[in-house]
Amino acid sequence: MTGFNVLHALGYDSFGLPAEQHAIATGVHPRVNTESNVANMRRQLRRLGLGHDARRSVATTDEDFYRWTQWIFLQVYNSWYDETSGRARPIVELESEFATGARPTPNSVAWSTMSRDEQRAAIDNHRLAYLSHAPVNWCPGLGTILANEEVTADGRSDIGNYPVFKKNMRQWMMRITAYADRLLDDLDRLDWPEPIKLMQRNWIGRSEGARVDFASPAGAITVFTTRPDTLFGATFMVVAPEHPLVEALTTDENRSAVEAYRAAAAAKDAIDRQDDTREKTGVFTGTYATNPVDGSRVPVWVADYVLMGYGTGAIMAVPCGDQRDFEFARRFGLPIPAIQQPPAEWFEARGLAVQSGASVDTNSWPEAFVGDGAYINSSNSGVSLDGIESIEEGKSRMNAWLAANGHGEPTINFKLRDWLFSRQRYWGEPFPIVYDEDDQPVALPESMLPVLLPELEDFKPQALDPNDDVTDPIPPLARSNEWRNVVLDLGDGPRTYRREINVMPQWAGSCWYELRYLDPTNRERFVDGDVEKYWMGPADGGDGMTGHTGGVDLYVGGVEHAVLHLLYARFWHKVLFDLGHVSSAEPFHRLFNQGYVQAYAFRDPRGQAVPAAEVEERDGKYFFDGEEVTREYGKMGKSLKNIVTPDEMYDDYGADTFRLYEMSMGPLDASRPWNTRDVVGMQRFLQRVWRNVVDENTGDIKVSDAETPLELRKLLHRTIDGVRSDMDGLRFNTAIAKLIELNNALTQHVTAHGNTPREVALAITRMLAPLCPHMAEEIWSRLGHTATITYEPFPDAESSLLQDDTMEYPVQINGKVRARIVVATGADETAVREIALGDDKVLAALAGATPKKVIVVTGRMVNIVV
RNA sequence: GCCCGGGUGGCGGAAUUGGCAGACGCGGGGGGCUUAAACCCCCCUUCUCGCAAGAGAGUGCGGGUUCGAACCCCGCCCCGGGCACCA
């Protein structure tokens with residue numbers, strides 16, 4: 001209607017845990033279940049009249065779709081991240097750089113002298129998809145391992161809320177950390193809600209700091225710190241219980257204590273370990289390291305408040321400047337020398353006498369001091385921070401000294417970890433990977449795709465106690481030996497291979513489905529290059545590296561995807577971009593988070609949810625089956641029994657009413673309560689529109705060619721103008737309100753004259769078409785049109801009708817409205833002032849007082865100050 | 001604990017982002033149509049006082065800036081979400 005070529009599609013991310021959990025609960029094969037659910041949803045959405053292009057709809061479980069998911073996996077597997085050029089490149093280029101010597105090999109051994117296994121290991125270590133023996137999140141309750149992002153803060157599974165344990169396993173990982181910088185930086189070029197960007201920034205967690213080496217009898221201990229400027233205050237060190245140097249650092253007399261502590265730490269589950277209200281614990285290793293800035297001996301402790309997974313798993317503790325170190329030092333009686341002079345306000349805010357200079361006494365401090373404050377006691381023969389008042393300055397001086405003296409270097413750390421990509425489930429994409437007799441992974445050639453999921457009788461994961469953290473998982477695919485063991489010719493004759501029996505996580509398909517919408521039936525490629533460029537190429541025609549990123553013009557989705565789907569999809573897209581498969585640097589240029597629909601729910605006295613639809617309200621109380629029930633409020637769902645299905649709404653009110661109600665109940669991005677009782681308002685509106693145009697008794701059209709009265713015309717054009725801009729800004733609720741106002745005025749006209757002016761009938765029908773297409777289409781055809789209204793132009797407002805000859809000004813006296821005056825529209829300030837001051841009501845309100853000041857805001861209002 | 005959102009009539013929500021608070025819808029009240037009811041049409045509906053004209057108060061609470069604050073600033077309170085010993 002406004003001249004755009006629109007691609008609007010919706011697909012089904014149908015692999016993964018929710019589908020499989022449902023299949024297990026019902027005992028029906030997930031494919032059967034998935035397909036019937038998809039069919040039902042397609043039917044419901046079709047009935048809603050959304051303009052999705054059905055030809056472009058895909059399901060990630062379609063064999064024709066996951067063939068390309070596997071293909072993209074191979075692209076990732078066969079790539080490495082070249083830090084020098086800052087992008088992914090084909091792995092064959094790495095091999096040739098190693099071979100020619102253009103790039104030094106891991107131990108600077110000549111490539112040709114390395115064994116095939118050594119060469120292979122060197123290459124595999126660079127791949128963007130790689131196998132790793134790493135601690136993973138093992139969830140026996142689900143029978144699978146989970147990505148970090150799928151584990152909640154209290155150490156349970158996002159889905160199902162089962163306990164999660166750390167376990168060492170060999171798993172596929174995706175090197176998303178290689179893209180940490182670009183994932184962070186490119187957020188600035190996206191049109192996304194700021195809170196979502198912030199969540200991604202926090203998740204990526206970039207922090208600038210330094211690596212510093214502390215010499216010790218067990219070798220150098222490298223720490224990561226964001227505050228190298230506080231090195232002079234480092235009075236002890238702490239390493240994580242899992243740190244590889246713990247053994248070597250521990251002296252004989254401390255060995256039993258340290259080992260007991262490590263064992264206790266290992267036995268703790270994630271919940272205990274993350275509970276930060278608990279008191280700090282730790283043990284001394286018996287060994288001292290050397291602080292590089294002053295040569296002082298600092299004791300090395302083991303404590304579980306230091307995490308192996310972040311930084312280097314070891315820290316320098318600066319108790320005066322870090323709250324955690326401060327608590328630890330207090331607990332174990334370690335000294336806390338001050339190295340910064342807190343400002344006077346810091347002491348005053350804590351009810352302390354101000355302390356100054358080198359005599360600053362931390363014994364009286366209730367907590368560590370973090371912030372800008374002049375350094376004290378911070379100098380050696382080569383560097384002095386004393387007297388400097390800014391942390392930035394302190395850091396840069398110390399970094400320069402560390403680098404110059406070989407004790408460390410500036411570095412950047414990220415919270416983001418590599419993405420765990422294996423799941424021990426049935427309902428997911430099989431990996432296009434087999435293992436040879438040496439148990440080494442071999443990628444299948446493109447010609448062998450897709451690797452189809454075998455049909456299994458029993459697709460359930462191994463049944464385990466949710467608290468059983470001992471048993472290893474056995475993936476369902478291991479049950480089919482004939483699928484698992486295959487003879488293939490991968491170039492060196494037929495050999496026996498074993499297939500990978502893990503499957504991909506549920507996020508794999510949704511990492512790229514938007515690309516398949518563009519070209520859903522392409523047999524040769526996942527998406528044609530020109531097609532991708534047409535729909536998703538950078539809007540400024542640039543290369544995507546700077547300027548516009550390209551990507552989907554508008555992606556509407558929920559906030560729950562902030563750090564999972566939206567981060568993974570960006571990562572895959574960037575790999576495809578680097579390898580030249582797509583022209584857009586980001587998958588989704590504009591993101592809009594719609595709110596949730598929430599609804600009242602009711603519980604009986606036993607606390608059981610009762611069907612909300614059958615609850616009756618009497619005198620502000622609620623009753624179900626004669627019994628009083630209590631009301632609560634939450635996201636629509638099965639557990640609260642407060643779901644309203646679209647089918648009920650279609651049957652009772654019609655799809656157009658349902659659409660209109662959903663859009664009118666509030667702004668698109670806000671969560672809103674569903675209240676079926678309110679739906680009737682939109683139905684009445686549509687009935688009034690209908691009756692204004694169609695005679696209810698005869699079915700004849702009630703449209704006249706007489707001239708539209710000027711007032712109605714003006715309202716019509718103001719409405720057109722307002723609805724246009726509201727629709728443009730996705731403000732459907734206010735657009736609908738404006739249309740209702742217009743129709744209410746029209747109703748009065750029809751009541752008086754018996755018919756609707758044709759001009760108004762045509763325009764209102766066109767404006768309604770995007771909102772309630774079924775009725776608009778019907779009216780359109782009754783108005784004598786044979787073609788669909790869908791491609792009719794949206795009405796244009798005549799600007800000459802948007803303004804009246806006169807306008808009303810409110811006149812305030814001391815900020816309170818006391819009168820209203822009518823003024824010619826273009827009147828200047830002086831004229832408005834004269835009329836205002838001469839107005840009877842104003843004169844009465846002034847009661848003879850002389851105005852001190854008269855403020856006239858042209859086109860707005862007048863304020864008289866007395 | 002830290003970081004984001006948000007708090008406006010009986011309810012969902014408007015308010016051109018510093019300029020008439022409460023658009024529009026629900027609910028409620030009154031009237032018309034009808035033998036009657038439903039539907040429909042018209043009027044009223046932030047609260048308090050008042051028969052009324054009108055007056056006063058009012059956007060979570062307390063201050064402030066401004067001729068003027070729902071909107072900006074400071075300090076709190078509540079609700080929702082994210083992160084959580086990340087050095």
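Tutor: A nonpolar core is a set of buried Ala, Val, Leu, Ile, Met, Phe, Trp, Tyr and Cys residues joined through side-chain atoms within 4.5 Å. Buried means under 20% relative accessible area, exposed over 50%, and partly exposed in between, with a 1.4 Å probe and protein chains only. This is a predicted model: local features need pLDDT of at least 70, side-chain atom pairs count only at pLDDT 80 or more, and totals for chains, interfaces and linings use all residues. Residues are numbered from 1 along each chain as its sequence is written, chains are lettered from A, and side-chain values use heavy atoms, without hydrogens and water.

Student: Which residues touch the most other members of the largest nonpolar core?

Tutor: In soluble globular proteins, nonpolar side chains tend to be buried together. Here the largest nonpolar core has 86 residues. Those touching the most other members are F73, W419, F421, F526 and W572.

Student: What is F526 in contact with, leaving aside its neighbours within four places in sequence?

Tutor: Contact means heavy atoms within 4.5 Å. For F526 the list is W68, W71, I72, W512, L515, R516, D519, L576, H581 and V582.

Student: How many helices and strands are in chain A?

Tutor: Helices (H or I, at least four residues) and strands (E, at least two) are DSSP runs, numbered from the N terminus. Chain A has 27 helices and 33 strands.

Student: Of the 866 residues of chain A, what percentage count as buried?

Tutor: The C-alpha atoms fill a box of roughly 100 × 85 × 65 Å along the principal axes. Among contacts between residues at least 6 apart in sequence, 67% join residues at least 24 apart. Of the 866 residues, the buried share is 50%.

Student: How far apart are the centres of the positive and negative side chains in chain A?

Tutor: Lys and Arg count as positive, Asp and Glu as negative; His and the chain ends are not counted. Each charge is placed at NZ of Lys, CZ of Arg, CG of Asp or CD of Glu. With 88 positive and 124 negative side chains, the centres of the two sets lie apart by 2 Å.

Student: How many aromatic pairs are there?

Tutor: Rings of Phe, Tyr and Trp (its six-membered ring) pair if their centres lie within 6.5 Å. Planes under 30 degrees apart count as stacked, over 60 as edge-to-face and the rest as tilted. The count of aromatic pairs is 41.

Student: What kind of pair do Y305 and F328 form?

Tutor: A pair of aromatic rings is described by the distance of the centres and the angle of the planes. For Y305 and F328 these are 5.3 Å and 45°. The pair is therefore tilted.

Student: Why does the pair of Y305 and F328 tie together parts apart in sequence?

Tutor: Y305 lies in the loop between β10 (297-302) and β11 (314-317). F328 is in helix α11 (residues 323-332), so the parts tied together are apart in sequence by 23 residues.

Student: Which residues does a cis peptide bond join?

Tutor: Most residues other than glycine have a negative phi, and most peptide bonds are trans. Here omega is about -5°. One of the two residues, P450, lies in the loop between β17 (441-443) and α14 (481-484). The cis bond joins L449 and P450.
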